[in-house]
Amino acid sequence: MKLNYFKTLFVAILVIFATTTYGETYSGTCGTNVNWRLDTSTGLLKITGTGEMNNSRPWESYNSSIKSVEIAKGVTSIGEYAFDGCSGLTSVTIPNSVTSIGKYAFDGCSGLTSVTIPNSVTSIGDDAFCFCSGLTGVYITDLKAWYNIDFSDNNSNPLYYAHKLYLNGTLVRKLEIPEGVTTIKNYAFTGLNTIRSVTIPNSVTYIGYYAFYGCSGLTSVTIPNSVTSIRDYTFHNCSGLTSVTIPNSVTYIGYYAFYGCSGLTSVTIPNSVTSIGNYAFSYCTGLTSVTIPNSVTSIGDYAFFCCNMTSVTIPNSVTSIGEWAFNYCSWLTSVTIGSGVSDIEDYAFGNCNNLKSIYSLAEYPPLIYSKTFKNVDKTIPVYIPKGTKEDYEFEWSDFTNFIESDFTGIEDSNISTTEIKVIAGNGIDICNYYGKLQVISLAGQVVKETYVNGSAQITLPKGIYIVVTDNSSQKVVL
């Protein structure tokens, strides 16, 4: 009886032993003085030693077993492709000794939910956090140190996926850039959609490419006078942005700078700006008013594509209007083309199907193409300087209603109840109007903005103006 008992117990132990899987340990070197050790039973990969990791990835065959990574203090870099494809990786410890993270280092680590970037890191390579779709937070302890990081692209910044930045454990809502910071580097806050406002001190002289790309929660930003250009993609897809102050120091607004900022309703571009880049304000669908100053010489392709201005005045300083520049501005009813414009590219005013009048101040017709005014009614009045009709009929042959004018008096009045009268040598008189009214010079500057409660008199010096109301615009010459 006792023999049977021990026999049964022995068999049970054998069964348990046979069905139990024991993890294995693998180890080796991954740098001159850097070692690694992986315990597959826990999924912990430890990297120890001093100096730089190389790009060998000796644990690649065991990627599926890696759940956490601990890098010991003394290691100074994370190698290229180091943890590429470790989809089961959920946590990583990066010490303060690490100064660089190589390209594709965490590419495809979709299980990683958070990452703490130490103050020592100064560079993060291409696509280092590409496809880290599980990230929900990036943690730092010193905001000033964050400005020292050179990000190679959008996907090198973990914020692109995490969208949330925690400073000493607190979610950053108002971003206050410390005094003394001179550069907001490329891609610095790309994807950070939880911030509502940004305070930029006068010490900042450069705001980089993609710096606030996709910060959809950002509602306002004031750019200091120390900044001379707004770079490409800087505020791309900041859809919540309702106001932006561009200082007189800015000379260039870059490609895609405010692309997709659908919350913007008006923009005043200062006299210092000489060039508006391609797609600069494309898809700013809330934009109903824009002031283009007399300093601007070129308007790029798609610059105001799909915006909703009711009137546009191109100043005399502009020589070229890019293709699709105002295409699909379907609310546009009036456009004034300055005397310096010599070339208007295809589709520049295409699909502006509510356009009711065109004013061209050029003595010789600007060069247009077969699709420059695609889907625009060619019977609308085109006001041109006296003595130029023959040239316009030849160069703008699709249009049929040219009106020679010395541009005096009032033209294009399409409000049945509102009366705008010229006060000889003094200004204008407004009757039967309630609402916001702007007076804009041909240089594109807002010279007067007021709210009219029934009637008003506005004193103005002699000149040509566009009077913009809530639902129309009219040209007035004093």
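This briefing covers the cavities, strands and salt bridges of one predicted model. Because the model is predicted, local features need pLDDT of at least 70 and side-chain atom pairs count only at pLDDT 80 or more, while totals for chains, interfaces and linings use all residues. Residues are numbered from 1 along each chain as its sequence is written, and side-chain values use heavy atoms, with hydrogens and water left out.

**Pocket and cavities**

- Rolling a probe the size of a water molecule over the atoms shows where empty space is left.
- On a 1 Å grid over the protein atoms alone, a cavity is a set of points where a 1.4 Å probe fits but cannot get out, and a pocket is an open set with protein on both sides within 12 Å along at least five of seven lines. Lining residues have an atom within 4 Å of a point.
- The largest pocket has a volume of about 280 Å³, a volume being the space filled by probe spheres set on the points, with grid points joined across faces, edges and corners.
- The lining of the largest pocket consists of 15 residues, and those nearest its centre are Thr-288, Ser-289, Gln-438, Val-468 and Thr-469.
- This lining holds five nonpolar, eight polar and two charged residues. Here Ala, Val, Leu, Ile, Met, Phe, Trp, Tyr, Cys and Pro count as nonpolar, Asp, Glu, Lys and Arg as charged, and the others, Gly among them, as polar.
- Strands E24 (289-291) and E35 (427-441) each supply at least two lining residues, and E35 gives the largest share, four residues. Strands (E, at least two residues) and helices (H or I, at least four) are DSSP runs, numbered from the N terminus.
- The whole structure has two cavities of 30 Å³ or more.
- The second largest cavity has a volume of about 30 Å³; its lining includes Ile-117, Asp-142 and Trp-146 and divides into six nonpolar, one polar and one charged residues.

**Strands and sheets**

- Five strands form an open sheet in the order E1-E2-E3-E4-E6, with mixed pairing; two strands pair if DSSP finds at least two bridges between them.
- The edge strands of this sheet are E1 (25-31) and E6 (91-93), each of which pairs on one side only.
- E1 and E2 (residues 34-39) run antiparallel and are joined by six bridges; Gly-28 has Trp-36 in E2 as its bridge partner.
- Elsewhere, E37 (residues 464-468) pairs with E38 in the antiparallel sense over five bridges, and the partner of Ile-464 is Val-477 in E38.
- In E38 (residues 473-477), five of the five residues are buried, where buried means under 20% relative accessible area, exposed over 50%, and partly exposed in between (1.4 Å probe, protein chains only).
- In a regular strand the side chains alternate between the two faces of the sheet.
- On one side of E38, Ser-473, Lys-475 and Val-477 are buried, as are Gln-474 and Val-476 on the other.

**Salt bridges**

- A search of the whole structure finds three salt bridges (a side-chain nitrogen of Lys or Arg within 4 Å of a carboxyl oxygen of Asp or Glu).
- Arg-57 pairs with Glu-60, with the closest N and O atoms 3.6 Å apart, and Asp-84 pairs with Arg-57 at 3.9 Å.
- Arg-57 counts as buried because its relative accessibility is 19%, whereas Glu-60, at 42%, is partly exposed.
- Lys-185 and Asp-150 form a salt bridge with an N to O distance of 2.9 Å. Lys-185 is partly exposed at 22% relative accessibility, and Asp-150 is partly exposed at 41%.
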